[in-house]
Amino acid sequence: MTDTVRVRFAPSPTGYLHLGGARTALFNWLFARQHKGTFILRIEDTDIERSSDAMVQGILEGMHWLGLDPDEGPFFQSSFVEQHRAAARRLIEAGRAYYDFTPKQPPRDRTVKEQIPDRTRAQALIGKERNPYRDLPLEEAARRIEAGEPAAIRLKVPEEGVSRFEDLVYGTQERDYSDIEDLVLIRSDGHPLYNLSVVVDDIEMRITHVIRGQDHLTNTHKQVLIYEALGVALPQFAHLPLIFAPGREKLSKRKHGEVVSVTTYRDRGFVSDALVNFLALLGWSPGSDKEIMTRQELIEKFSLEGVHKAAAIFNFNESKEDSFPQDARDWTDPKALWMNGEYIRSMPIEELTSMVAKEFKKAGLWSDGYETDKREWFAQTVDLLRARYRAITDFSALGRPYFTDDFEYEEAAVKKNLKDERLKELLPGLAERLASIDEFTHDAAEAVLRNYAEENGVKAGLLINAARTALTGQSVGPGMFDIMIALGQKRTVERLRQAVALL
RNA sequence: GCCGCUAUAGUGUAAGUGGUUAACACGCAGGCCUCUCACGCCUGAGAUUACGGGUUCGAGCCCCGUUAGCGGUACCA
């Protein structure tokens with residue numbers, strides 16, 4: 001069983017789980033499931049200052065909601081630093097790495113990224129100078145270390161040749177050794193650095209496929225070098241295209257805020273299967289026209305070959321970015337919203353009602369009767385509403401009038417449907433007629449209303465639309481007589497009588 | 001700066017080894033349904049396949065160049 005697939009998702013806990021990370025986790029998970037392999041979660045927390053426990057919790061929470069619980073882990077990279085140091089020592093002994101006694105550069109005001117051009121320009125001026133400590137005899141280095149002199153450990157990158165590896169998505173990757181610096185493995189304060197840590201951990205965890213964001217593509221060469229120096233066979237690499245915001249820029253927690261956080265989708269009424277389905281299609285295609293897929297179908301159809309190379313734009317409404325989260329309707333990618341609605345209207349009703357139940361408990365709309373004597377009614381009403389909702393939260397917000405008498409009348413609706421003077425007389429009259437029905441059914445209610453309209457010489461539509469607003473406070477909704485049945489005779493009559501006050 | 005990756009309607013993606021009207025989904029517009037909205041159904045607009053060369057009878061697919069975007073380039077991850 002040596003070739004059992006083992007993959008990992010290795011986020012750094014510098015923020016909540018965002019869509020990009022979620023997509024990476026999902027692809028790893030799909031790959032593992034498809035191959036009956038193991039999905040591992042490893043938190044890359046070696047940068048202690050930027051890591052926090054709350055962030056780790058956030059990531060776990062997001063993954064759990066998405067149904068991507070790891071088979072192993074979470075492991076914390078920080079707990080393996082001894083292994084990392086040991087690996088570095090082995091490389092020193094093998095002559096594949098060396099101690100660098102160059103004093104550490106003090107941090108500057110500008111960000112490191114901004115300094116890079118300067119650095120290379122300076123280097124160009126002096127010519128590609130080799131690190132003076134690269135060939136320092138080990139005995140002398142050991143002596144200086146013994147004396148307490150601080151030193152970083154750098155990898156000895158070969159001077160000539162090319163690094164090469166096969167990427168399952170991007171194909172053959174080559175990079176000249178001369179373009180790779182002798183990277184630092186261990187800081188002079190003994191702190192192991194990322195490239196060393198990942199490699200050591202991936203070896204330790206017997207990772208067979210490294211599936212991660214494309215932002216790691218060029219650095220993979222450095223890792224390949226470390227694998228080789230360590231004398232360990234390479235895993236397979238597969239890099240995933242990045243996900244951009246509408247402006248073609250990388251998704252960022254800082255800049256794009258809550259719209260990119262997975263938990264936002266949970267809190268705003270997304271069905272996790274729908275989000276998973278949507279995310280799966282961001283950068284991957286099953287090769288067929290079928291886009292709505294269950295988890296099982298995704299697992300079966302997923303393949304690294306179907307992964308796209310170009311970055312995908314997550315098309316959320318950027319113009320409304322600042323006002324987030326006020327925009328209740330079109331706050332995120334329209335296709336994601338559509339897909340969520342698709343799930344809401346096509347999933348088994350029992351599944352839907354249990355999600356709505358959870359939402360109602362949170363919103364204070366829950367009644368225990370919905371699980372007992374009114375169970376049937378609850379399911380029917382949810383079913384009646386689902387075709388026009390796109391989020392679970394719509395049931396508690398837009399659907400409120402169907403479940404409680406404590407609801408608001410929308411001003412625009414009142415203005416539109418209750419402005420006709422004749423309604424002052426007609427509505428109470430209609431209420432009495434409806435009250436006198438023995439068996440309050442859809443057809444009976446309809447017959448009463450239409451007759452009443454005819455008797456009074458008004459169009460049925462006038463009464464129907466007025467009644468909708470009188471009963472729900474809204475101008476849109478299900479068919480009028482379905483609403484009446486959902487509300488029941490008593491509440492229908494009551495609300496119709498009370499509506500006079502609005503005229 | 002240097003190195004690398006990418007480029008198909010507004011967005012997500014299709015288009016076996018080059019083969020003719022570039023397909024599907026979302027979105028958008030119009031229509032049908034109807035008491036409203038949504039769903040559903042129908043129709044439509046929207047692409048000189050980033051640009052320029054080349055190979056070929058034939059290029060979205062192959063080659064070269066250009067441009068743009070992005071990523072990396074750190075004693076960050």
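Visitor: What orientation do α19 and α21 have to each other?
Guide: Start with the elements: helix α19 covers residues 442-455 and helix α21 covers residues 480-487, where helices (H or I, at least four residues) and strands (E, at least two) are DSSP runs numbered from the N terminus. They pack at an angle of about 120 degrees with their axes 9 Å apart; axes are lines fitted to C-alpha atoms, for helices over the stretch in contact, and angles run from 0 to 180 degrees between N-to-C directions. Under 35 degrees counts as roughly parallel, over 145 as roughly antiparallel, 65 to 115 as roughly perpendicular, and the rest as oblique. With that angle, α19 and α21 are therefore oblique.

Visitor: What kind of model is this?
Guide: Residues are numbered from 1 along each chain as its sequence is written, chains are lettered from A and ligands numbered from 1 in the order in which they are written, and side-chain values use heavy atoms, leaving out hydrogens and water. Local features need pLDDT of at least 70, side-chain atom pairs count only at pLDDT 80 or more, and totals for chains, interfaces and linings use all residues, since what you have here is a predicted model.

Visitor: Back to that helix pair: how many nonpolar residues are in the contact of α19 with α21?
Guide: His442, Ala445, Glu446 and Leu449 in α19 meet Phe481, Asp482, Met484 and Ile485 in α21, contact meaning heavy atoms within 4.5 Å. Sort them by class: Ala, Val, Leu, Ile, Met, Phe, Trp, Tyr, Cys and Pro count as nonpolar, Asp, Glu, Lys and Arg as charged, and the others, Gly among them, as polar. That gives two charged, one polar, and for nonpolar, five.

Visitor: What is the handedness of the crossing of α20 and α21?
Guide: The axes of helix α20 (residues 460-472) and α21 come within 10 Å and cross at roughly 30 degrees, so these two are roughly parallel to each other. A crossing is left-handed if the near helix is turned anticlockwise from the far one by less than a right angle, and right-handed if clockwise. While α19 passes α21 in a right-handed crossing, the crossing of α20 and α21 is left-handed.

Visitor: And how many nonpolar residues does the contact of α20 with α21 have?
Guide: From α20 come Ile464, Ala467, Arg468, Leu471 and Thr472, and from α21 come Met480, Phe481, Ile483, Met484 and Leu487. By class there is one charged and one polar residue, and the nonpolar count is eight.

Visitor: Is Leu385 buried or exposed?
Guide: Leu385 is part of helix α14 (residues 375-386). Leaving out residues up to four places away in sequence, Leu385 touches Phe395, Gly399, Tyr402, Phe403 and Pro478. Buried means under 20% relative accessible area, exposed over 50%, and partly exposed in between (1.4 Å probe, protein chains only). Leu385 has 0% relative accessibility, so it counts as buried.

Visitor: What is the relative accessible area of Thr353?
Guide: Thr353 sits in helix α13 (residues 349-363). Not counting residues up to four places away in sequence, it touches Phe378, Ala379 and Val382. Thr353 is buried, as its relative accessible area is 14%.

Visitor: Which residues does Ser261 contact, leaving aside neighbours within four places in sequence?
Guide: Ser261 lies in the loop between α8 (253-256) and α9 (262-267). Its relative accessible area is 3%, so Ser261 is buried. Its contacts are Tyr16, Leu17 and His18.

Visitor: Which strands stand at the edges of the open sheet?
Guide: Three strands line up in the order β12-β11-β13, with mixed pairing; two strands pair if DSSP finds at least two bridges between them. An edge strand has a single partner strand, so one side of it is left without a neighbour in the sheet, and that applies to β12 (249-250) and β13 (312-313).

Visitor: What is the phi of Arg248?
Guide: Arg248 is in the loop between β11 and β12, and at 53% relative accessibility it counts as exposed. Most residues other than glycine have a negative phi. Arg248 is not a glycine, yet its phi is positive, at about 60 degrees.
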